[in-house]
Amino acid sequence: DIEDFNSPQLWLGAVPTHIPTSSLHRDPLAGFLLQVMGRKRLDLYSADQADLIYPMKAYNNYQPCWFRPDNPDFGIYPRAQEARCISVALEPGELLLQPAGWFHQVYALDSPNMSVSYFWRY
């Protein structure tokens, strides 16, 4: 039912493709990401790797990480070298189900880029 989902979020823009459009973080709810225009890449880390990627203590709507995979500093975050990433590229028309608690960093592979996300309330 429509009541089972939060309001959709529209992600649209002409963005740089060489830097992440979102930093490494996790959301508390399971989400669906539908790619509409352009391609997008998500670098995913399972929730059980939290100790390896140094999440911040704050956890409101999402939980950001201190570690930045796009600019790693293994001197400050040595355990991050043990983290294993799964990269997924989305083409227009493809949908990704992202489990609650999984960490992810997003890149737009094309510009302009458009996607829609929904979070499941449960």
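**A nonpolar patch and its sheet**

Begin by selecting Leu 10, Leu 12, Leu 34, Val 36, Met 37 and Leu 95, which make a nonpolar surface patch of about 530 Å². A patch is built here from residues with over 30% relative accessible area and no salt bridge, nonpolar side chains (Val, Leu, Ile, Met, Phe, Trp, Tyr) being joined within 5 Å and like charges within 9 Å. A salt bridge is a side-chain nitrogen of Lys or Arg within 4 Å of a carboxyl oxygen of Asp or Glu; accessible areas follow the Shrake-Rupley method with a 1.4 Å probe, and for residues only the protein chains shown count as cover.

The model is predicted: local features need pLDDT of at least 70, side-chain atom pairs count only at pLDDT 80 or more, and totals for chains, interfaces and linings use all residues. Residues are numbered from 1 along each chain as its sequence is written, and side-chain values use heavy atoms, with hydrogens and water left out.

Next, colour β1 (9-13) and β3 (31-37), the elements that give two or more residues to the patch. Strands are DSSP runs (E, at least two residues), numbered from the N terminus. The most is given by β3, with 3 residues. Within β3, pick Val 36; Val 36 is partly exposed because its relative accessibility is 36%, the class lying between buried (under 20%) and exposed (over 50%).

**The sheet**

Now display the open sheet, in which 4 strands follow the order β1-β9-β3-β7 with antiparallel pairing. Two strands pair if DSSP finds at least two bridges between them. The edges are β1 and β7 (95-98), each pairing on one side only. Neighbouring strands are turned by 20° against each other on average, direction ignored, where axes are lines fitted to C-alpha atoms and angles between N-to-C directions run from 0 to 180 degrees.

Select β9 (residues 113-119) together with β3: the two pair in the antiparallel sense over 6 bridges.

**Towards His 104**

Move to Gln 98 in strand β7. Is this residue buried or exposed? Gln 98 counts as buried because its relative accessibility is 11%. Its side chain joins that of His 104 through a polar contact of 2.8 Å, that is, a pair of N or O atoms within 3.5 Å, one able to donate a hydrogen and the other to accept it.

Finish at Ile 86 in strand β6 (residues 86-90). Ile 86 and His 104 are 18 residues apart in sequence and 9.3 Å apart in space, C-alpha to C-alpha.

Conventions
Buried < 20%, exposed > 50% of the residue type's maximum accessible area, 1.4 Å probe, protein only.
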